[in-house]
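Welcome! Here is a short tour for anyone meeting this structure for the first time. Have the sequence and the 3D view ready as you read.

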Amino acid sequence: MAESAQYEELVRQFSAFGAVKREMSRLMPSDCPSGSAAVLTVLGRHGHMRMSRLAELLSVDVSVTSRHVTHLAERGWIERSPDPADKRSRILRLTPAGQTRLEELFRRTSELLAERLSDWSDEEVGDLTRLMARLRDSFGDPRTVPRQAPPSLEQTTRTPAST
């Protein structure tokens, strides 16, 4: 186990990491704030799903998720369709325009990271990626599960009690 001083330094690094996140947020288009980008990213990674599952994966309240979903739907980047198994629920999915926007966001952030980490070795970038995933996993982040194929419609139309 690490010494107390190491954890204290880690806390300082987390505080300072806000500057990195702010710089990455600044390169986002004005019509796609970071919360909306997170919704696009989760849908792109996990496929179509209910709002409740999206909120769980984002680790935010359903009301917050709903605001982001409304913002994205108004721009035509996601669609909300009735859940055949429960008409009160909606299935969310990326539209082709949403997929294009997501690809643009990935391009922008990847270019920024490549620029800022240009003096890092491939091994160092890989180490950072693995350690960040391990840290998230230590905190029980549901997004650390390996990428899977998008669920079939049958998988997303279970009754609320089974989700």
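Which residue is the bridge partner of Met 49 in β3? The partner is Leu 92. Please keep in mind that this is a predicted model.

- Three strands make up an open sheet, ordered β1-β3-β2, with antiparallel pairing.
- β1 (49-50) and β2 are the edge strands, each pairing on one side only.
- β1 and β3 run antiparallel and are joined by two bridges; Met 49 and Leu 92 face each other as bridge partners here.
- On the other pairing, β2 (residues 78-83) meets β3 (residues 86-94) in the antiparallel sense, over six bridges.
- Within that pairing, Ser 81 is found opposite Ile 91 of β3.
- The link from β2 to β3 is a hairpin of two residues.

**Helix α3 and its neighbours**

- Helix α3 (residues 34-46) lies across β1, β2 and β3, and runs at about 90° to β3.
- α3 also packs with helix α6 (residues 96-116): the angle is about 110° and the axes are 10 Å apart.
- Because angles of 65 to 115 degrees count as roughly perpendicular, α3 is roughly perpendicular to α6.
- From α3, the contact uses Ala 37, Leu 40, Thr 41 and Gly 44, while α6 brings Gly 98, Arg 101, Leu 102, Leu 105 and Phe 106.
- Sorted by class, the residues in this contact of α3 with α6 are five nonpolar, three polar and one charged.

**The nonpolar core**

- The largest nonpolar core holds 22 residues. Those with the most contacts inside the core are Val 39, Leu 40, Leu 43, Leu 54, Val 69 and Ile 78.
- Two or more residues of this core come from each of α3, α4 (51-58), α5, β3 and α6.
- α3 gives the largest share, five residues.
- Leu 43 touches Met 49, Ile 78, Leu 92 and Leu 94, leaving aside residues up to four places away in sequence. Among these are Met 49 and Leu 92, the bridge partners from the opening question.

**A closer look at His 71**

- His 71 is part of helix α5 (residues 62-74).
- Is His 71 buried or exposed? Its relative accessibility is 18%, and buried means under 20%, so His 71 counts as buried.
- Leaving aside residues up to four places away in sequence, His 71 touches Asp 31, Cys 32, Pro 33 and Ser 36.

Note on methods
Residues are numbered from 1 along each chain as its sequence is written. This is a predicted model: local features need pLDDT of at least 70, side-chain atom pairs count only at pLDDT 80 or more; totals for chains, interfaces and linings use all residues. Side-chain values use heavy atoms; hydrogens and water are left out. Two strands pair if DSSP finds at least two bridges between them. Helices (H or I, at least four residues) and strands (E, at least two) are DSSP runs, numbered from the N terminus. Contact means heavy atoms within 4.5 Å. Axes are lines fitted to C-alpha atoms, for helices over the stretch in contact, and angles run from 0 to 180 degrees between N-to-C directions. Buried means under 20% relative accessible area, exposed over 50%, partly exposed in between (1.4 Å probe, protein chains only). Angles under 35 degrees count as roughly parallel, over 145 as roughly antiparallel, 65 to 115 as roughly perpendicular and the rest as oblique. Ala, Val, Leu, Ile, Met, Phe, Trp, Tyr, Cys and Pro count as nonpolar, Asp, Glu, Lys and Arg as charged, and the others, Gly among them, as polar. A nonpolar core is a set of buried Ala, Val, Leu, Ile, Met, Phe, Trp, Tyr and Cys residues joined through side-chain atoms within 4.5 Å.
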